[in-house]
Amino acid sequence: MSNKLDKAREYEVKKEMTIPEQQRPAFHLTPRCGWMNDPNGFSSYKGEYHLFYQYYPYDTVWGPMHWGHAKSKDLITWEYLPVAMAPDEEYDKDGCFSGSATELEDGRQLLIYTGVNKVEEESGEIKEYQTQCVAVGDGVNYEKFGNNPVITSEMLPEGAGKYDFRDPKVWRENGRYYMVVGNKTPDRDGQILQYVSDDGFKWTYDKTVIKNNHRFGAMWECPDYFPLEGKQILLTSPQDMLPEELEFHNGNGTLCIIGSLDENGNFCEENCQAVDYGIDFYAPQTILTKDGRRVMIGWMQNWDTCGIRRDDFPWFGQMSFPREITLHNNKLIQRPVREIENYYGKRISRQNVLISDSASLSSIEGRCIDMTINVRSTGEDLSYRKFEVRFADNGKAYSTVEYDPEQGIVKIDRKHSGSRRAIVHQRRCRVANNGGDIKLRLILDRYSMELFINDGEQVMSMVILTDIKAEGISFKATGELLMDVEMYELERK
Ligand code: FRU
């Protein structure tokens, strides 16, 4: 084991002990200490789920990337494992960037990642070389391959860019290994390249899966590519997206491109949508569970709003709640994984509650809950102009979800959540207009809110760092409406 890895392993164990359990979310994975960004190597291995992550253990800001590591039996309760990789080789000395994992035929686990190496060119300019590298291990300890990197800039197709070439996602199919990798062309356009291998170590260029053609942002980061219900899905996270109306407001956002494969296995695009319409969601990866569900996890953070932080927390960054993804009418549907039900505690349910001004319902409160609200007009005609759910409320700090049935717009807002920074705190999303009917499911887990609208047609996620004692929940209408609410407290086991 290298000194760097050894040092990181010792450090994280000591530092973790200084973080009280209450200071982290109960169900969302946070870094063992320090900084976390993208999920990496999300995979099943020897009957358990493994989730690695972009990790800088020594500070709560981005630094030379390590791979943090955790495992879980149900995708919800995670157990930390020792940091898996440190940037300790010449070819990855400036970071072990994002990547993925699969199981080799001989039962070992293969990690594939991007090695970053900054080189001073003859001109004096510093250039960052990104190559694809592998490491092999037993689920805890990993050894980097002696012949790394396995894919260099020499193996790029014509027209590809030499510098932005990262985030391999690997899978096994018909006895071969495949990977897709993000790339940026010299004229700042994203594309996804596919490579193929017989053994996971020796790779050749296969094809270009898709080109952005200057539609969505520039570099396309963190691709994932998989079949779903007879369709083929490409997930990617473009950098520097330009907002269009209410779409693509996150700067660096996430796209789900739904398509199909033609007879030659080429990807034909059909539909494209944002994955998450909230503020904090990026770089998702998926796995297929044993019972055939496609489950996605993303980094629940936005690169541009990392300034919202708690100086008293020795960790920064968290994963989203894992989401089962399916298709309906060629659109993406997302729902919290059903394993959440195993964590249900007290249930509170109220039907046909008339809301006309402001209402707090007794016992509806908390920061660790799964709450579904069904709203409708009181008669045939639209009887309200606005519905608001206020949560994480202590009378001074609070956050909201609002619905405007005339416009068909849902808005999330954390500007009063306790943040002292003038950065993005609101996001709006256009939803299906159902004459005043809407279904809102809120998952609160201490420091976040994920909103699933109309059974997962749209999702809006945001981090809130409000004092944990702010537990109030209330409902308000302009006009009058009827509401059913069902809430479960979420309890750790
Ligand atoms: C996306 C990303 C990846 C890269 C990693 C570095 O958030 O920029 O493209 O591999 O983060 O930490």
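Residues are numbered from 1 along each chain as its sequence is written, and side-chain values use heavy atoms, with hydrogens and water left out. Because the model is predicted, local features need pLDDT of at least 70 and side-chain atom pairs count only at pLDDT 80 or more, while totals for chains, interfaces and linings use all residues.

The chain has one helix and 33 strands, where helices (H or I, at least four residues) and strands (E, at least two) are DSSP runs numbered from the N terminus. The C-alpha trace spans about 70 × 55 × 50 Å along its principal axes. For 493 residues, a compact globule would have a radius of gyration near 23 Å, and the value of 23 Å for the chain agrees with this; the radius is taken over C-alpha atoms, and the globule rule is 2.2 Å times the number of residues to the power 0.38. Of the 493 residues in the chain, 61% are buried, that is, under 20% relative accessible area with a 1.4 Å probe and protein chains only.

The ligand is surrounded by Asn37, Asp38, Gln54, Trp62, Met65, Phe97, Ser98, Arg166, Asp167, Glu221, Tyr282 and Trp303, a residue being near the molecule if one of its heavy atoms lies within 4 Å of it. This shell divides into five nonpolar, three polar and four charged residues, with Ala, Val, Leu, Ile, Met, Phe, Trp, Tyr, Cys and Pro counted as nonpolar, Asp, Glu, Lys and Arg as charged, and the others, Gly among them, as polar. Strand S1 (34–45), strand S5 (96–103) and strand S9 (165–173) each supply at least two residues of the shell.

Oxygen atoms of the ligand lie 2.7 Å from a polar side-chain atom of Gln54, 3.1 Å from a polar backbone atom of Ser98 and 3.1 Å from an N or O atom in the side chain of Trp303. Taken alone, the ligand exposes 310 Å², of which the protein buries 94%, with areas from the Shrake-Rupley method and a 1.4 Å probe.

The structure holds zero disulfides, a disulfide being a pair of cysteine sulfur atoms within 2.5 Å. For Cys96, the nearest cysteine sulfur, that of Cys133, is 7.8 Å away, and Cys96 counts as buried at 0% relative accessibility. For Cys429, the nearest cysteine sulfur belongs to Cys256 and is 15 Å away; Cys429 counts as buried at 1% relative accessibility.

Definitions and conventions: A polar contact is a pair of N or O atoms within 3.5 Å; within protein, one must be able to donate a hydrogen and the other to accept it, and residues adjacent in sequence count only if both atoms are side-chain atoms. Buried means under 20% relative accessible area, exposed over 50%, partly exposed in between (1.4 Å probe, protein chains only).
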